[in-house]
Amino acid sequence: MAVRRPLIAANWKMYKTASEAVEFVRRFLPLVAGIPDREIVLAPAFPALEAVASALKGSPAALAAQDAFWEEEGAFTGEVSPRMLAAAGCRYVILGHSERRRLFGETDATVRRKVQAVLAAGLIPIVCVGEREEERERGETFSVLDKQLRDGLKDAFTVDPGRVVIAYEPVWAIGTGRTATAAQAEEAHGFIRGRLSESASREFAAGVRILYGGSVKPDNIAELMAMPDVDGALVGGASLEAESFARIVAAA
Ligand code: PGA
C-alpha cells in the first residue's frame, strides 16, 4: 500500500496583502509547531508569494501559487510563468480551480497545458476537478469527473504520483457552507482513484493524493479525513484566520 501523507492546503484566493499574509504566518506557525505527519501548504495571491516564502523559511510548510500560465516567458501581459513561481519559492501550483473555470474561461484544454508547464518547471500541480450542482442533479457527477481527469490531467499519468495532487471540489460546496457529506466525498474520491487505476496505473492511483475542497471547517475535517480515499483538504474561507486553519490542520 502506498503511503499518502496528508496534505492540508490554504487557498487564500484574492484575500490578504503581503503584510497581512506574513502576519498570518507569524501567528499560524507556532500553533502547528507540534503537529507531525502532515504537509501544510499556503497559497497566497501573487504579490504575497515572496514575503510568505521568507516568512516560511525554516518551517515545514510549503508555498503554492493559485494559478500559472503555460509559457516560460514572453509577451503575455498579466501572466505569470511556472518558472517565475519556482524562483519565488513555490513548490505547488493550484490549477483549474472552479472559479477560474467559471469566471475566467478556463477549460480542460487550458488546464492540460498548464499542468504540462508546471510539471516541466519541477513544480507540483494541485489540479481541481468537480461537478456543478445541476450536473450532480442530472446524475452526471462521474462523467464530469472522468472528462476533467482525462482531458486535463492525462499528461500527468506517467509521472511519479508524488509529483501530482488532485483536489475534488464539488462546485456547489465551495464557499456555500454546504460541505459534501463524508460519504459523498468518499464516493467521488473512490471513483477518481478507480478511474486513475484504469487510465494511468495502479501505482499512480494508489500513490496520488486526492484532497477534498468545499466548505471544509474545523468541525467537519475529521470525518472527511476518516474516509479511506480522502488524503487532505483544500480550504478557502476557513483558512483565512490562523486559529481556524490551525484547528483544521490539527484535526486532520
Ligand atoms: P471554501 O473554498 O473552503 O471557502 O468552500 C474552497 C476552495 O475554493 O478551494
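A: Start with the polar contact: a pair of N or O atoms within 3.5 Å, where, within protein, one must be able to donate a hydrogen and the other to accept it. This is a predicted model. In it, the side chains of Asp-67 and Arg-100 are joined by such a contact, at 3.2 Å.

Q: Where is Asp-67 found, and is Asp-67 buried or exposed?

A: Asp-67 sits in the loop between strand E3 (62-65) and helix H3 (82-87). Buried means under 20% relative accessible area. Asp-67 has 9%, so the residue is buried.

Q: Which residues is Asp-67 in contact with, leaving aside neighbours within four places in sequence?

A: Phe-46, Leu-85, Val-93, Ile-94, Leu-95, Arg-100, Glu-106 and Lys-114 are in contact with Asp-67 once those neighbours are set aside.

Q: Which residues of the largest nonpolar core touch the most other members?

A: That core has 67 residues, and those touching the most other members are Phe-28, Leu-42, Leu-85, Ile-166, Ile-192, Tyr-212 and Phe-245. Apart from it lies another core, of 15 residues, including Ala-9, Val-41, Ile-126 and Ala-167. Phe-245 is in contact with residues that include Ala-9, Phe-28, Val-41 and Leu-42, sequence neighbours within four places left aside.

Q: How many residues surround the ligand, and which are the closest?

A: The ligand is surrounded by 13 residues, of which Lys-13, His-97, Glu-169, Gly-175 and Ser-215 are the closest. By class, the shell holds 4 nonpolar, 7 polar and 2 charged residues.

Q: Which atoms of Glu-169, Ser-215 and Gly-236 lie by an oxygen atom of the ligand?

A: For Glu-169, a side-chain N or O atom is 2.7 Å from a ligand oxygen. For Ser-215, a backbone N or O atom lies 2.7 Å from a ligand oxygen, and for Gly-236 a polar backbone atom is 2.8 Å from one. Taken alone the ligand exposes 280 Å², and the protein buries 96% of that.

Q: What does the side chain of Ser-215 have within polar reach, and where does Ser-215 lie?

A: A polar atom of that side chain is 2.7 Å from the backbone oxygen of Ala-173, and one is 2.7 Å from the backbone nitrogen of Gly-177. Ser-215 lies in the loop between strand E7 (209-213) and helix H10 (221-225). Its relative accessibility is 9%, so Ser-215 counts as buried.

Technical notes: Residues numbered from 1 in each chain as written. Predicted model: local features only at pLDDT ≥ 70, side-chain atom pairs only at ≥ 80, totals over all residues. Heavy atoms only, no water. Helix = DSSP H or I, 4+ residues; strand = E, 2+ residues; numbered from the N terminus. Buried < 20%, exposed > 50% of the residue type's maximum accessible area, 1.4 Å probe, protein only. Contact = heavy atoms within 4.5 Å. Core = buried A, V, L, I, M, F, W, Y, C linked by side-chain atoms within 4.5 Å. Near = heavy atom within 4 Å. Areas by Shrake-Rupley, 256 points an atom, 1.4 Å probe, with all protein chains shown as cover. Nonpolar A, V, L, I, M, F, W, Y, C, P; charged D, E, K, R; others polar.
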